Amino acid sequence: MRFQTQNRHVIDFLFPVALFFVFASSSLVVLILAADIYASTTNQFQVNDKSRTALSYISEKIRQNDTDGALSVETIEGTDCLALSMDYSGTLCTTYIYVYEGMLKELFIQDGVSFSLQSGKDIMEITSLTIEPLDAQLYQFTMVDEAGTKSSIIAAERSAP
């Protein structure tokens, strides 16, 4: 009986090892690229979400307080403010929406009471808000967030005569 012995070559060992390292390095590259794409997509989503949230907040406030003549733009302490006037059980009150020190703020106050813009409630961080009356009942709101992204909406006062 004769035993056959196999001749082993160096290539028999090096080929599977090289194939393993090619596969491992390819997997690592794909993983790094996927993580980078995920991070940039998540960051872009957050930027878009923040700008949409601020502008949606403003348009919703306009819809909630949409009565004839309730909407106006006032300049207080050098800052343009959206003023929403309303009557609560015979008491005249105004809600001011504005940007102060990098924050979108809201201040609800009774008419005739003195106040400062720093007294408002913080809503969210944004860099600037521009309120531009386009017509008697039409306003354009343009905001810039801390990333420098500019977004705008046009809102109308629907209850005007």
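Residues are numbered from 1 along each chain as its sequence is written. Because the model is predicted, local features need pLDDT of at least 70 and side-chain atom pairs count only at pLDDT 80 or more, while totals for chains, interfaces and linings use all residues; side-chain values use heavy atoms, with hydrogens and water left out.

Spanning residues 10-64, helix 1 has 55 residues and reaches 79 Å from its first C-alpha to its last, close to the 81 Å expected at 1.5 Å a residue (the expected span being 1.5 Å times one less than the number of residues). Helices (H or I, at least four residues) and strands (E, at least two) are DSSP runs, numbered from the N terminus. The buried residues of helix 1 are V47, S51, A54, L55, I58, S59, K61 and I62, where buried means under 20% relative accessible area, exposed over 50% and partly exposed in between, with a 1.4 Å probe and protein chains only.

Helix 1 lies across strand 6, strand 7 and strand 8, and runs at about 15 degrees to strand 8. Contact here means heavy atoms within 4.5 Å; axes are lines fitted to C-alpha atoms, for helices over the stretch in contact, and angles run from 0 to 180 degrees between N-to-C directions. These three strands form an open antiparallel sheet in the order 6-7-8. Strand 6 (128-133) and strand 8 (150-156) stand at the edges with a single partner strand each, so one side of each lacks a neighbour in the sheet. From one strand to the next, the twist averages 15 degrees. Six bridges join strand 6 to strand 7 (residues 138-144), with L129 opposite M143; two strands pair if DSSP finds at least two bridges between them.

In the hairpin of strands 3 and 4, with two residues between the strands, E101 takes a positive phi near 50 degrees. L104 stands opposite M124 in strand 5.

K105 lies in strand 4 (residues 103-110), opposite Y98, and counts as buried at 8% relative accessibility. The side chains of K105 and D122 are joined by a polar contact of 2.8 Å (a pair of N or O atoms within 3.5 Å; within protein, one must be able to donate a hydrogen and the other to accept it, and residues adjacent in sequence count only if both atoms are side-chain atoms).
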